[in-house]
Amino acid sequence: MFDVDFTIARPGPDLGPEGYRRVGERHGLDLDPALHDEARRDALAALKRHPELDHDEEIWVLFTQRVIEGMGGTGNTYTAAVEMTHAWDHAQHFELFEDAVPTLETLRAHGLGVGLLSNTARDLEAFVTHHRLEVDAVLTSRMHGKTKPHIAIFARILELLGVDAARAVMVGDTIEDDVDGARAAGMHALLLDRDGLYPDAAGRLDDLRALPAALGLDGPGSSIVGL
């Protein structure tokens with residue numbers, strides 16, 4: 001199973017620096033796109049989860065408000081943040097990484113079930129349809145109520161896929177949510193580290209095209225799940 005954002009898909013232009021600038025203009029805010037990346041890093045560092053790991057969309061509105069203010073926004077930043085947060089709900093605002101579809105096709109050709117598991121309010125069924133993906137199950141924190149790394153959301157996607165934890169592998173771009181959460185649920189996990197931030201991490205991939213070999217699908221050798 002796969003995380004979605006920054007694992008198989010990335011935000012498109014409407015969710016990036018220029019997208020923020022345009023939303024800001026509609027709310028009378030003058031945002032500097034050059035400040036976006038630093039503002040987002042600072043907002044991520046200050047992000048606080050719900051204490052019970054409940055899905056809470058207000059957390060992401062406040063996160064986005066912090067980004068907007070970090071880009072120089074003053075005034076009605078909250079309303080702009082609501083609009084920008086809702087923009088993440090739409091499948092057309094995302095682009096698939098070029099390694100996503102070939103990897104999914106390879107896994108399915110070997111008879112593996114594929115699921116998507118995301119901490120999002122987005123409709124993943126609509127996302128799958130829009131991007132013409134073939135998967136067996138989708139689950140979001142909005143649908144389930146709990147967010148990764150809560151064990152319950154991993155248990156539920158395993159039920160939907162009809163597979164035991166010991167025979168499942170989670171692939172995602174975050175250590176705490178995807179890797180640690182999956183392993184706590186008894187699953188195997190691989191970290192997708194596209195930017196080389198964790199060179200010493202165990203079970204690390206720098207590209208999804210390395211996944212079939214990691215699973216032992218490219219020929220004889222050790223397999224993570226004993227396929």
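Two strands count as paired if DSSP finds at least two bridges between them, a criterion applied here to a predicted model.

**View 1. The open sheet formed by β5, β6 and β7.** Three strands, in the order β5-β6-β7, make up an open sheet with parallel pairing. Because β5 and β7 (204-205) each have a single partner strand and stand at the edges, one side of each is left without a neighbour in the sheet. Strand β6 (residues 188-192) runs parallel to β7 and is joined to β7 by two bridges; Leu-192 has Leu-205, in β7, as its bridge partner. Helix α9 lies across β5 and β6, and runs at about 165° to β6.

**View 2. The buried face of helix α8.** Within α8 (residues 151-161), the residues Ile-153, Phe-154, Ile-157 and Leu-158 are buried. Seen down the axis of α8, its buried residues fall within an arc of 140°, so they line one face of the helix. The buried residues of α8 pack against the strands β3 (115-118), β4 (137-140) and β5 (169-172), and also against the helices α7 (141-144) and α9 (175-184). Just after α8 comes Gly-162, which takes a positive phi of about 70°.

View 3. Phe-63 is placed in α3 (residues 57-70), and since buried means under 20% relative accessible area, its value of 8% makes Phe-63 buried. With neighbours within four places in sequence left aside, Phe-63 is in contact with Arg-40, Ala-43, Leu-44 and Leu-47. Thr-147 lies 84 residues from Phe-63 in sequence, and the two are 16 Å apart in space, C-alpha to C-alpha.

Definitions and conventions
Residues numbered from 1 in each chain as written. Predicted model: local features only at pLDDT ≥ 70, side-chain atom pairs only at ≥ 80, totals over all residues. Heavy atoms only, no water. Buried < 20%, exposed > 50% of the residue type's maximum accessible area, 1.4 Å probe, protein only. Helix = DSSP H or I, 4+ residues; strand = E, 2+ residues; numbered from the N terminus. Arc of directions from axis to C-beta. Contact = heavy atoms within 4.5 Å. Axes fitted to C-alpha atoms, helices over the stretch in contact; angles between N-to-C directions.
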